[in-house]
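I opened the model to look up two things.

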There are 2 protein chains.
Amino acid sequence: MTRHPEMDQVTSKLTELLGGRCSTASAVREQHGKDESWHFPKAPDVVCFAKSTEEVSSIVKICAAHKVPVIPFAAGTSLEGHVNAVSGGVSIDLNEMNEILRVSPEDLDCTVQPGVRRKQLNEFLRDTGLFFPIDPGADASIGGMASTRASGTNAVRYGTIRENILSMKVVLPDGRIISTGHRAKKSAAGYDLTKLYIGSEGTLGIITEITLRLYGIPEAISAATVSFPDIEGAIQSVILTIQSGIPVARIELLDEVQVDAVNRYSNLELPVQPTLFLEFHGSPAYVKEQAERVSEICSEFGAEGFKWTTQAEERTKLWQARHDAAYAAMALRNGAQIWATDVCVPISRLADCILETKKDLADSFLIAPLVGHVGDGNFHLSFVIKKENPEELEEAERLNSRLIKRALSMDGTCTGEHGVGLGKKKYMYLEHGDAVDVMAAVKQALDPDNIMNPGKILPERAAE
Amino acid sequence: MTRHPEMDQVTSKLTELLGGRCSTASAVREQHGKDESWHFPKAPDVVCFAKSTEEVSSIVKICAAHKVPVIPFAAGTSLEGHVNAVSGGVSIDLNEMNEILRVSPEDLDCTVQPGVRRKQLNEFLRDTGLFFPIDPGADASIGGMASTRASGTNAVRYGTIRENILSMKVVLPDGRIISTGHRAKKSAAGYDLTKLYIGSEGTLGIITEITLRLYGIPEAISAATVSFPDIEGAIQSVILTIQSGIPVARIELLDEVQVDAVNRYSNLELPVQPTLFLEFHGSPAYVKEQAERVSEICSEFGAEGFKWTTQAEERTKLWQARHDAAYAAMALRNGAQIWATDVCVPISRLADCILETKKDLADSFLIAPLVGHVGDGNFHLSFVIKKENPEELEEAERLNSRLIKRALSMDGTCTGEHGVGLGKKKYMYLEHGDAVDVMAAVKQALDPDNIMNPGKILPERAAE
C-alpha cells in the first residue's frame, strides 16, 4: 500500500490544529496500529490525541477534505484488528476524552466520553449504589465497546451494550456532529440511528459521547460453581434454568481445558471438568431461592458439588479468574499468543455446536480452551498459537472456518460479541446474503468517500 | 394529488398475478386508507391481498418497475396515519399472512407472519407455558408493531418490541428478499439491520416474517391498584420503585380524568384520584415480597388503599380496563373521536412534564384523559374531539405541539411508542436536528425512487 498522496498536507494541517498532540513518531504510530488480536499490525501515518467532540470534528473535516482514512482508537483491546490502519491514514486517540460527564441516579443513566474504561466507570459509580453491567474480558473503553457491540458475562440478565445505550453523540464522515437520540427510555421517532451506530466499528462515524443505562447494585449477590461429568449436562442445565425463568445474572461455561488453565493461572482448585460459574442478583431471600432452584436443576443433569457463596472476596476472585480466561489460555504455552474467536447459536443447538467443535479440536494439534456465555448461546475458543508458525495460523484458520460454518448452519452468527473487523469479513456474505448489499448501501450513503475505518466489516465485492 | 400515470398498467399486472385478490372496489380501498387515528383517510388506488413473502416480492417488483407507491396494511390500528395512501398507490394487505410458523420452547422464540395479531399469538402459546409480552392497547398485528416500534404496559420489565425481535424477513424496495439476522440471541456481525427496520414504518421495505423472543409465563402473577392524593406522589413512588431495582412487570399511571372514564366504561369502582395499576411476576414468595415493598414505598408518598390480588379473573378485568382506556375516553362524549398522542421523557422530569401538561389542559376547553407507562417515562393524552369542528382540531394541535416541545426541552422524544407517521413529521428536525439528514440519506440509499410508504417519517425539506 502506498502512502496517501496528500498525507503530508493533512499532517501539517493537523499539527497546526493540535500542536504536540499530533504525532508521527514511529513508536506512537505502531502502538496505534495493533490490538489484542492475532492480526498483523498496520500502523497509521499520523496519530491525533483529541480532547473534545469539536476537535474530533475538526480532525475529521481535514481528513474528509483530502479523503484520508480516519480510525478511532482507545484501549486497543479489540480482537479482530479493528484499529489496524490497513489503508494508512489518521488514528484518532480518544484516551484523553475519558470524563464521566453526568450521572443521574433518578434516571438510572449517565453520559460518558468514549475513552472511559468500564472499570473506571464502575469505580466512579460505586458510591452512588449503581453499576454498569457490560463486561468484556478486557478493561475496554466504552467507545470501543459501543463500536463493536460488546457484551460479556452479564448479558443474559442485563442485555448487551446494544440494550444499554440510550443515545450517542457522533461525528459524521463530513465532520458534522449529531445526536442519535435522547435520554428517554424509549422512542418511536424515526430510524434507530443509535442502534445503527452501535456495532458499526467506526465505519460510519466516530462516537464521542455515550449515554448509558445503569442499574442499582443488587441488595444481595451470590456466586456459585458447579461441575459436570459431561458438557451436555452443563448445557441442558443452562437451557432448563433459562426456560424456568430464573433470572440468573451470569451463567458461564468453562470446558475442562479452560478449567485447567484457570486453575493454574488464577490459583483455583476446581475439579478439572466442564464447569458452570453462576451469579444471582436480588433480595437476600430471592438470591437464596434462585441458587436452590438452579442447584436442583444441575443435580438432575448429573452435577455434583454445587457451591455457592455471598462472600464478596470469593466472588471477586471467581469473576476475575473468568475475565482472565484468555490470559490463562495464553499462559498454557510459553511465548504463545491467542487467536480468540466467538460464535453464537440458538441455545437448543448449543450442545451440538460445542460437541462437534470439541471433536474437531480433539483431532487437531492446536490447544483451544472453550468458554461461553452459554445463557445466550455464545461461546469462545482461544487458539493458543505462535504467529510466526504459518502452519499454526493455517490450522487455526481451518478450525475457525469450520466453527463459523457450523454456527451458521445452526441459524447462528459468525460473531456474538467480538465484531467483524478484519477477521470475519469473509463470512459476511455467507451469513447475511443480499443483506450485505443493504449494509454496503448504507455505508456508501453515509461515507461516500470510504474514509471511516476503511477495510472493516464490509467484504470487497467480487465486482470491484 | 393526481393518479399515478401508470396506475392502470400496474393494476392489470397485479390482477394477472393475484386474480380476485387484487381489488379496486371503493369500499375495500377506503377501508385500507384509514387507521384508528384522527388523520383524515386517503384511500390507495388498489388493494392486494398477499399470501406469501414471494407474492409480496412480486407485487413490489411490479410497483418498482413503474415507481408506484406501496403501503403495507394489516390490523389498521395505528395512531398516526401510517397506512394512509397520501400519494395513492398499492396497499398490500397482509392479514392472510397470519400463520405462526414455528415455536421453539427450548430457545424461547418463535417465528410469525406479519398478519398475526398479538392476542392470537398469546392464545396459541398458552399451552406451551410461554407468552409474548408486547401489548399496545389495540389487538395490533405483529408486523405493524414491528414497523412502528410498539410497546405497551410490559415494557418496563420486558422491553419494547425493539428488544424482542431477533430477526426479520424483509422485502426490499426492489423486490429482493433479505433476512436481517438470525436466531442467535446476540450478534456483532455488521450493521444492525433488524433494528434499522424496526420502527421504519414501511418506508424501507415490507416485513414479511418476524422472529420474536418469548418468555415463560411466570409461576405467580399478582396485580395491584393504589390511589394517591396527588400525581406527584404517584410518580415519586414509581421513581423509587424503579431505583430500588424491584422488577415490576407493569406500572401504569391513570390520572383522575382517566380513572373516572375507566370506572364508567369498564364498570370499576376506583377512587377518582391519580392511580397506579401494577403487576408483579415471579415465584409466589417473590411476588409477595415485591408487592409488600412497593406498598411501603407508595405509603411514604401518601398513598392509601394499596390492594393486591393473585386472582386471574380480577387481574384480567383490570388490564382489559387499562387496554380499553382510549375507548373509555372516547365514551366520555357522544359521537367523539380520539386524537391520541404520546411523549416520553427521562423519569426525573416526568412529574414536571405531566404537571405542566395538566395545567395546559385545565385552561383548555378540551377534555384529555392521561395514562402512562410511567416506569419508562412514557405517557399519553387522548384528546376527546369531534373532527368536524375545526376549532377542536386546532386546539388539540396547539396542546399537542406544546406537549411535544415540553418533552423535547426535557431531553425526551416526540413519541415513545405511537410512531411518526403523518402526525409527528413536523417535529423531526426539532427533535433530531442534522440526524434527520442521516435518516434521509439512508432512505435515499435504500429506496431511491421513494416508493415505500412515501410521505411518512421524513419531513419534506425546505429545499425541496
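I began with the pairing of strand β13 (residues 250-254) of chain B in this predicted model. Strand β14 (residues 275-282) of chain B runs antiparallel to β13(B), and five bridges join the two. I took strands as DSSP runs (E, at least two residues), helices as DSSP runs too (H or I, at least four residues), both numbered from the N terminus. Two strands pair if DSSP finds at least two bridges between them. I looked up one partner: R250(B) bridges to E279(B) in β14(B).

I then checked for another neighbour. Strand β17 (residues 370-373) of chain B also pairs with β13(B), antiparallel, over two bridges. Here L253(B) has G372(B) as its bridge partner.

Next I asked which way the side chains of β13(B) point. R250(B), E252(B) and L254(B) go one way, I251(B) and L253(B) the other. All are buried, meaning under 20% relative accessible area; over 50% is exposed, and in between is partly exposed (1.4 Å probe, protein chains only).

Notes on the ground rules. Residues count from 1 along each chain as its sequence is written, chains are lettered from A and ligands numbered from 1 in the order written, and side-chain values use heavy atoms, without hydrogens and water. Local features need pLDDT of at least 70 and side-chain atom pairs 80 or more, while totals for chains, interfaces and linings use all residues.

I moved on to the two chains.

What does the interface hold? I found 78 residues from chain A and 78 residues from chain B in contact (heavy atoms within 4.5 Å). 100% of the interface residues of chain A are also interface residues in chain B, so the copies meet through the same surface.

I counted 12 salt bridges across the interface of chain A and chain B (a side-chain nitrogen of Lys or Arg within 4 Å of a carboxyl oxygen of Asp or Glu). One of them joins K186(B) to D376(A), with the closest N and O atoms 4.0 Å apart. The largest share of the side of chain A that touches chain B comes from α16(A), with nine residues.
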